[in-house]
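Let's take a friendly walk through a protein model together. Have a look at the fold below, and then read on.

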Amino acid sequence: MAALPPPRSTWDAINPLRLLGELSETRYWMYLLLLPSALLITAIVLFPTVYGFQLSFTEMRLNRPAGNGAFVGLKHYQRMLADPIFWLSLRNTAVWVTFSIVIEFVVGLVAALALNRNLPGGKILAVLILVPYFLPNVVAGNMWALMLDSRVGVINDILVRIGLLHEYKAWFADPNTAMATAIFVEAWHSFPFFTLLIMAGLKGIPADLYKAADIDGAGAFAQLRLITLPMLRTIIAAAVILRVIGLVNSPDLLLILTQGGPGRSTQVLSLYAFQNAYSDFNFGYAGALSVVMFVLLMLFAWAYIRLSKVNQD
């Protein structure tokens, strides 16, 4: 008859090291390892998001303490539907994001294709191209505001000297040029983001595909359309979504260059929310604007992924 194992002592039964050792052999161990990350995500991401949604249904005006914290339901959203500045900001946001993305993608793609050819001095050129992206938005905005200044701006001086302008122009004070100039500055600052990601993607495309295309008589444009862009589809989709999120949520460049003017010609949703929160101290309405931006971004990301078919690769 087999001998029975000796009975465990009380300490052996509650020894935390032994319990952890036994737990590590079960499927619950991975949940224990994920628990710190889950708590961190809940504290840093989930809680502020939920609080932002809650704020949009709450009266919260720091310059009017009476009634703060009261539940107001859909009041802020009803006001939004009747707010002409909201609809103007929504339209300006569409213009701001669409043209910025298109210019950044085209310039970034051209730069990446050029750098991928390993031309002489390509490494130095790659560093120079990435320099704008290293600059903070505040630095880039103030730098371009000074260069485009209507009195001492070097850009105006060059354009006048070569005859393209007859006099110095206040680019950010003219409603007809303010948005276009701001888009140019944004594209200059952020096109290296596309360049960097597309260059990484180009390194992963097999050279045999291009050799086979050359044998079949495909030109450079056909290779770009039939090989390069389809192979980069996932990277392009990720880059576009990230840049759209950044453009919609970041008012800092427009805040420095135009502050939404002149005549609200460059007013976008993020800037309007910022002004409501930190100029009018109406955090409830700003929260509602932020929720609308959140929903629009989620819908855009879902629709773009579906249309680009990146999940079918």
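## The chain as a whole

Of the 313 residues in the protein chain, 36% are buried, where buried means under 20% relative accessible area, exposed means over 50% and partly exposed lies in between, using a 1.4 Å probe and protein chains only. Please keep in mind that this is a predicted model, in which local features need pLDDT of at least 70 and side-chain atom pairs count only at pLDDT 80 or more, while totals for chains, interfaces and linings use all residues. Residues are numbered from 1 along each chain as its sequence is written, and side-chain values use heavy atoms, leaving out hydrogens and water.

The chain has 15 helices and 0 strands; both are DSSP runs numbered from the N terminus, with helices (H or I) having at least four residues and strands (E) at least two. Its radius of gyration is 27 Å, well over the 20 Å that the globule rule gives for 313 residues, so the chain is more spread out than a compact globule. The radius is taken over C-alpha atoms, and the rule is 2.2 Å times the number of residues to the power 0.38. Along its principal axes, the C-alpha trace spans about 110 × 75 × 35 Å. Among contacts with a separation of 6 or more, 64% join residues 24 or more positions apart; contact means heavy atoms within 4.5 Å.

## A largely enclosed helix

How many of the 10 residues of helix α14 are buried? In α14 (residues 269–278) the number is 8, so this helix is largely enclosed by the rest of the structure. You can find the buried ones at L269, S270, L271, Y272, A273, Q275, N276 and A277. Their cover includes α4 (75–81), α5 (84–115), α12 (233–249), α13 (252–257) and α15 (283–308).

## Where α5 meets α12

Two of those covering helices, α5 and α12, also pack against each other at an angle of about 140 degrees, with their axes 10 Å apart. Axes are lines fitted to C-alpha atoms, for helices over the stretch in contact, and angles run from 0 to 180 degrees between N-to-C directions. That angle makes α5 oblique to α12: under 35 degrees counts as roughly parallel, over 145 as roughly antiparallel, 65 to 115 as roughly perpendicular and the rest as oblique.

On the α5 side, the contact is made by T93, W96, V97, S100, I101, E104 and F105, and on the α12 side by I236, V240, R243, V244, L247 and V248. By class, these are 9 nonpolar, 2 polar and 2 charged residues.

## Where α10 meets α11

Helix α10 (residues 207–215) and helix α11 (residues 220–231) have axes that come within 11 Å and cross at roughly 165 degrees. That makes α10 roughly antiparallel to α11. L209, Y210, A213 and D214 of α10 meet Q223, I227, T228 and M231 of α11.

Let's zoom in on Q223, which lies in α11. With a relative accessible area of 12%, Q223 is buried. Beyond its neighbours within four places in sequence, Q223 is in contact with Y210, A213, D214, A218 and T228.

## A residue in α8

I155 lies in helix α8 (residues 154–161). At 23% relative accessibility, I155 counts as partly exposed. Not counting residues up to four places away in sequence, I155 touches W144, M147 and L148. The C-alpha atoms of I155 and A126 are separated by 25 Å, with the two residues 29 apart along the chain.

Definitions and conventions: Nonpolar A, V, L, I, M, F, W, Y, C, P; charged D, E, K, R; others polar.
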